[in-house]
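Student: Could you walk me through how to read a ligand site and its surroundings in a model like this one?

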Amino acid sequence: MKLIIIGPQGSGKGTQAKLISEKYNIPHISTGDIFRENIREQTDLGKTAQEYINRGELVPDNITNALVHSRLSTQDCFKGFILDGFPRNIEQAKALERLVNVDKVIYLELAENVAVSRISSRRVCESCGMVYSALHDDVTKGCTKCGGKLMIRDDDTPDAVRNRLALFRQQTKPLVEYYAQKNILINVNGDGSIERVFVDIIHGLS
Ligand code: AP5
């Protein structure tokens with residue numbers, strides 16, 4: 001299973017990709033998570049990516065494509081993977097095609113006002129990166145997985161969120177048509193409970 005999940009910010013890509021990864025026993029590859037891990041460790045990649053991410057801009061294609069190339073070349077990806085946050089534009093999609101053939105692309109549809117409300121309620125564990133929502137989780141006690149402190153992401157500021165959603169409309173949304181023409185697109189309504197959305201994804205994949 002070589003899968004991609006795309007959708008606007010806050011549509012639940014990370015949340016669903018984690019569940020898909022567990023169900024099919026394939027690695028969850030989130031370019032955003034890899035960048036954030038590098039930022040936490042202050043690697044050269046992290047320092048470069050940080051400025052773009054905090055402004056809500058895309059990290060340049062040459063950096064992101066090289067990162068994905070290197071990750072997909074590791075053995076655990078040979079039997080399948082779920083890519084979350086990549087590709088984000090047609091150039092990245094073409095770079096991916098030069099590496100592998102993808103089986104299915106899941107598109108999580110969500111209205112922007114719902115996306116904004118979810119993002120403003122998101123809390124992330126500063127130690128392990130586990131994602132919570134102040135709307136439906138108890139976020140007062142810290143991370144239930146590792147006990148770490150829950151934080152608001154640096155790029156979840158109103159200005160950065162506006163930029164990220166505009167970039168989604170301009171650069172990422174065209175991928176929906178691109179993959180529909182290749183007959184590998186699965187449309188899923190992202191505006192349901194986490195469990196409901198997951199059931200719809202599995203149904204679409206089977
Ligand atoms: P990335 O980390 O990929 O962020 P994003 O695309 O902005 O997506 P989000 O993480 O905001 O949302 P999500 O859809 O994963 O939602 P989540 O599951 O967390 O990228 C960050 C940055 O890195 C980019 O802006 C860019 O700068 C850079 N970058 C990354 N990839 C790149 C690339 N390919 N090229 C260039 N630059 C790149 O859910 C959101 C909240 O909603 C959570 O609180 C969750 O608990 C809650 N929630 C989820 N599902 C539901 C539901 N069904 N009902 C209610 N609440 C829900």
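This is a predicted model: local features need pLDDT of at least 70, side-chain atom pairs count only at pLDDT 80 or more; totals for chains, interfaces and linings use all residues.

Student: Let's begin with the ligand. How many residues surround the ligand, and which are the closest?

Tutor: The general idea is to collect residues with a heavy atom within 4 Å of the molecule. Here 33 residues surround the ligand, and the closest are Thr15, Glu57, Arg88, Arg122 and Arg164. By type, the shell divides into 9 nonpolar, 15 polar and 9 charged residues.

Student: Which element gives the most to the shell?

Tutor: That is H2, with 4 residues. Helix H1 (13–24), helix H2 (31–40) and strand E6 (131–133) each supply at least two.

Student: What polar atoms lie by the ligand's oxygen and nitrogen atoms?

Tutor: For a polar contact, look for N or O atoms paired within 3.5 Å. The side chain of arginine 164 has an N or O atom 2.7 Å from a ligand oxygen, while a backbone N or O atom of lysine 13 lies 2.9 Å from an oxygen of the ligand. On the nitrogen side, a polar backbone atom of glycine 192 is 2.8 Å from a ligand nitrogen. As for cover, the ligand taken alone exposes 1,000 Å², and the protein buries 96% of that.

Student: Is arginine 164 buried or exposed?

Tutor: Compare its relative accessibility with the cut-off: buried means under 20%. Arginine 164 has 8%, so it counts as buried. This residue is found in helix H7 (residues 158–172). Beyond its neighbours within four places in sequence, its contacts include Arg122, Asp155 and Asp156.

Student: Now the cysteines. How many disulfides does a search of the whole structure find?

Tutor: The test is whether two cysteine sulfur atoms lie within 2.5 Å. The search finds 0 disulfides. For cysteine 146, the nearest cysteine sulfur belongs to cysteine 125 and is 3.5 Å away. Cysteine 146 is partly exposed at 42% relative accessible area, whereas cysteine 77 counts as buried at 3%.

Student: And the loop: where is glutamine 42 found?

Tutor: Glutamine 42 sits in the loop between H2 and helix H3 (44–54). With a relative accessible area of 37%, glutamine 42 is partly exposed.

Student: Which residues is glutamine 42 in contact with, leaving aside neighbours within four places in sequence?

Tutor: Those are Lys47 and Gln50. The side chains of glutamine 42 and glutamine 50 are joined by a polar contact of 3.3 Å.

Key. Residues are numbered from 1 along each chain as its sequence is written. Side-chain values use heavy atoms; hydrogens and water are left out. A polar contact is a pair of N or O atoms within 3.5 Å; within protein, one must be able to donate a hydrogen and the other to accept it, and residues adjacent in sequence count only if both atoms are side-chain atoms. Accessible areas come from the Shrake-Rupley method with a 1.4 Å probe; for residues, only the protein chains shown count as cover. Ala, Val, Leu, Ile, Met, Phe, Trp, Tyr, Cys and Pro count as nonpolar, Asp, Glu, Lys and Arg as charged, and the others, Gly among them, as polar. Buried means under 20% relative accessible area, exposed over 50%, partly exposed in between (1.4 Å probe, protein chains only). Contact means heavy atoms within 4.5 Å.
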